[in-house]
Amino acid sequence: MRAIDFITRLIDKGALDPASYRRMLIHSIDAEAEMAQLGVSSKFNADWSFLREVFALGRERADAWLTANFDALGQRSSIDIADTFL
């Protein structure tokens with residue numbers, strides 16, 4: 001992500017040829033608050049009901065993300081790389 005942010009800033013400053021470098025559009029769907037509540041052992045939990053619960057959470061988050069950000073697809077990033085990852 002650091003490299004993507006760096007190249008994007010160079011493109012924005014005009015330091016790189018836009019014919020050779022293209023801006024990447026970055027999106028992120030997460031469930032940070034819910035996942036933070038799970039212990040390390042959850043990574044090894046293969047119980048079907050747990051997997052269905054996590055799957056349902058992913059679907060819920062994806063639906064919410066699409067509702068909020070569908071218009072950004074193909075147009076702009078829906079997150080700020082520097083704020084989110086750096």
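A residue is called buried when its relative accessible area is under 20%, exposed when it is over 50%, and partly exposed in between (1.4 Å probe, protein chains only). The structure is a predicted model, in which local features need pLDDT of at least 70 and side-chain atom pairs count only at pLDDT 80 or more, while totals for chains, interfaces and linings use all residues. Residues are numbered from 1 along each chain as its sequence is written, and side-chain values use heavy atoms, with hydrogens and water left out.

The protein contains four helices and zero strands, where helices (H or I, at least four residues) and strands (E, at least two) are DSSP runs numbered from the N terminus. The order of elements from the N terminus is α-α-α-α. The radius of gyration, taken over C-alpha atoms, is compared with a globule rule of 2.2 Å times the number of residues to the power 0.38. The value for the protein is 17 Å, well over the 12 Å that the rule gives for 86 residues, so the protein is more spread out than a compact globule. The C-alpha trace spans about 50 × 30 × 20 Å along its principal axes. Of the 86 residues, 16% are buried. Contacts are defined by heavy atoms within 4.5 Å; among those with a separation of 6 or more, 62% join residues 24 or more positions apart. The protein exposes about 6,900 Å², of which carbon and sulfur atoms supply 56% (Shrake-Rupley method with a 1.4 Å probe; for residues, only the protein chains shown count as cover).

Helix 1 has twelve residues and reaches 17 Å from its first C-alpha to its last, close to the 16 Å expected at 1.5 Å a residue; the expected span is 1.5 Å times one less than the number of residues. The buried residues of helix 1 are Asp5, Thr8 and Ile11. Viewed down the helix axis, these buried residues fall within an arc of 125°, so they line one face of helix 1; the arc is that of the directions from the helix axis to the C-beta atoms. Arg2, Ala3 and Lys13 are exposed on the other side of helix 1. The cover over the buried residues of helix 1 includes helix 4 (81–85). Just after helix 1, Gly14 adopts a positive phi of about 80°.

Asp5 lies in helix 1 (residues 2–13) and counts as buried because its relative accessibility is 13%. Beyond its neighbours within four places in sequence, Asp5 is in contact with Ile81, Ala82 and Leu86. The side chain of Asp5 also meets that of Arg9 in a salt bridge (3.1 Å, N to O); a salt bridge requires a side-chain nitrogen of Lys or Arg within 4 Å of a carboxyl oxygen of Asp or Glu. Both residues lie in helix 1, four residues apart, about one turn of the helix. An α-helix has 3.6 residues a turn, so residues three or four places apart point the same way. Arg9 is partly exposed, with a relative accessible area of 40%.

The structure holds four salt bridges. One of them joins Glu34 and Arg61, with the closest N and O atoms 2.4 Å apart. This pair links distant parts of the chain, Glu34 being in helix 2 (residues 32–36) and Arg61 in helix 3 (residues 48–69), 27 residues apart. Glu34 is partly exposed at 27% relative accessible area, and Arg61 is partly exposed at 27%. Another salt bridge joins Arg76 and Asp71, with the closest N and O atoms 3.2 Å apart. Arg76 counts as partly exposed at 42% relative accessibility, and Asp71 is partly exposed with a relative accessible area of 48%.
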